[in-house]
Amino acid sequence: MTSEHSIQASIGGVSDLKPIVTVCGDGQLARMMQPAAAELDIHLRILASKPDSSAAQVTPDVVLGDYTSLEELRGVAEGADAITFEHEHVPNEHSAALIDAGFNVQPQPTALIYAQDKLKMREKLAALGAPVPRFAAIDSVADARAFFDAVDGRVCLKARRGGYDGKGVWFPTADNCFELVSELLEAGTPLMAEEKVELTRELSILVARRPSGEAKVWPITQSRQENGICAEAIAPAPGLTPELSQRASELGLSIAESLGVTGVLAVELFAFDGPEGEDISVNELAMRPHNTGHWTQDGCVTSQFEQHLRAVLDLPLGAVDALAPVTVMANVLGADKDPAMPMPERVREVMQRYPQAKIHLYGKDHRPGRKIGHVNVTGEDTDETLTIARQAAHFLVHAEWA
């Protein structure tokens with residue numbers, strides 16, 4: 001394991017009074033924690049896989065290592081006031097070992113398991129009485145046949161672990177379901193299935209909770225997916241009744257408290273037409289800052305990144321009031337072919353046309369479909385704000401106006 005501690009080198013060590021937070025992960029979520037940490041004079045340290053990763057480019061304290069190695073996790077945890085994550089892939093047994101060694105790990109593995117294993121998450125939420133689709137463990141083709149028949153073929157098949165951004169999710173038909181299940185099980189992929197929801201839209205609840213129990217929930221967000229990847233988010237979710245908004249907020253708080261989540265929790269929801277109007281069920285959980293919460297950087301008193309740092313250090317949480325009637329976040333996803341116009345020129349063009357657009361880039365090279373940035377726009381009118389955010393993101397992707 002090698003490290004680059006430029007802060008220590010320049011000032012002779014970190015002050016004993018300056019909190020140190022270690023983040024396991026080096027993607028854009030860790031990258032966007034750095035400005036928030038700097039403003040609060042929190043020393044951010046990241047465990048990175050390579051020196052030019054998204055977060056490593058902007059974080060002064062970078063430790064190169066492997067998050068699956070307990071020894072290297074111990075090394076990066078030394079001296080930290082809190083150890084947290086920007087993904088759910090650190091082995092839970094390693095987190096437990098760090099806790100046993102006296103380190104402050106947030107969120108703890110007893111909570112994180114429900115973001116790591118989709119079947120355990122479904123079982124736990126069902127036991128808590130949270131609304132979830134019908135589901136079943138799929139350990140054999142016979143299990144798949146039984147569930148397929150029980151839900152009249154409305155099947156969503158999921159890898160229990162490791163899936164993200166549409167990966168590890170399948171919508172099989174009667175023609176390919178059982179062959180697909182057989183292939184995946186033979187390849188060693190643990191599976192579950194749930195009833196496909198005829199959703200009308202997708203919503204997201206973002207909650208922050210600190211170890212001492214204080215919790216706050218942001219306005220409910222509506223998101224839109226493209227090919228399993230979040231394309232845009234609108235906050236607050238338009239047309240949401242006060243009753244459903246309150247119910248969703250209470251659901252998010254209840255899940256955070258019941259599971260003992262600390263830091264930021266994202267509860268992804270399916271919305272659908274119920275017998276008494278719009279209804280909701282839980283899709284998935286993420287215990288870290290989340291794509292649908294990026295709007296909080298420019299549309300809220302306290303961003304999800306600052307709030308996550310406050311929470312894992314058990315500091316008082318910031319206000320979550322919206323700063324404008326509507327905020328839209330539009331993701332910048334790599335085009336099939338990268339335009340010839342360099343990104344800095346694209347940024348300049350967007351700045352010129354839409355000075356109200358806030359551009360956030362991740363320092364990533366182009367790859368089709370890759371998240372390379374996002375745009376936040378605040379406004380008074382939902383349609384107008386959405387149009388500006390979409391236009392700005394489209395130009396950053398394609399170097400042409402839609």
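Which residues of strand 2 are buried on one side, and which on the other? I looked up both faces and found them covered: Ile20, Thr22 and Cys24 are buried on one side, Val21 and Val23 on the other. I took buried as under 20% relative accessible area, exposed as over 50% and partly exposed as in between, with a 1.4 Å probe and protein chains only. Strand 2 covers residues 20-24, and five of its five residues are buried.

I note that this is a predicted model, in which local features need pLDDT of at least 70 and side-chain atom pairs count only at pLDDT 80 or more, while totals for chains, interfaces and linings use all residues. Residues are numbered from 1 along each chain as its sequence is written, and side-chain values use heavy atoms, with hydrogens and water left out.

**Entry: strand 2 and its partner.** I took helices (H or I, at least four residues) and strands (E, at least two) as DSSP runs, numbered from the N terminus. Two strands pair if DSSP finds at least two bridges between them. Strand 2 pairs with strand 3 (residues 43-48) in the parallel sense, over five bridges. I checked Val21 and found Leu44 as its bridge partner in strand 3.

**Entry: domains.** The bounds come from an automatic or database domain assignment. That assignment gives domain 1 (20-105), domain 2 (134-195) and domain 3 (199-398). I read 34 Å between the centres of domain 1 and domain 2, taken over C-alpha atoms.

Entry: I found four strands in the order 6-9-7-8, with antiparallel pairing. Strand 6 (135-138) and strand 8 (169-170) are the edge strands, each pairing on one side only. Strand 6 is joined to strand 9 (residues 191-195) by four bridges, and Phe135 stands opposite Glu194 in strand 9. Helix 7 (residues 141-150) packs on the sheet and touches strand 6, strand 7 (155-159) and strand 9. Contact here means heavy atoms within 4.5 Å. The direction of helix 7 makes about 165° with that of strand 6. Axes are lines fitted to C-alpha atoms, for helices over the stretch in contact, and angles run from 0 to 180 degrees between N-to-C directions.

**Entry: helix 11.** Nine of the nine residues of helix 11 (residues 304-312) are buried, so the helix is largely enclosed by the rest of the structure. Phe305, His308 and Arg310 are among them. Asp314 follows helix 11 and has a positive phi, near 60°.

I then looked at helix 2 (residues 28-39), whose axis comes within 8 Å of that of helix 11 and crosses it at roughly 75°. The two helices are therefore roughly perpendicular; the classes are under 35 degrees for roughly parallel, over 145 for roughly antiparallel, 65 to 115 for roughly perpendicular and oblique for the rest. Leu29, Met32, Met33, Ala36 and Ala37 in helix 2 meet Phe305, Glu306, His308 and Leu309 in helix 11.

**Entry: cysteines.** I searched the whole structure for disulfides, meaning cysteine sulfur atoms within 2.5 Å of each other, and found zero. Cys156 is buried, with a relative accessible area of 5%. For Cys300 the closest cysteine sulfur is in Cys230, 17 Å away and too far for a bond. Cys300 is buried at 4% relative accessibility.
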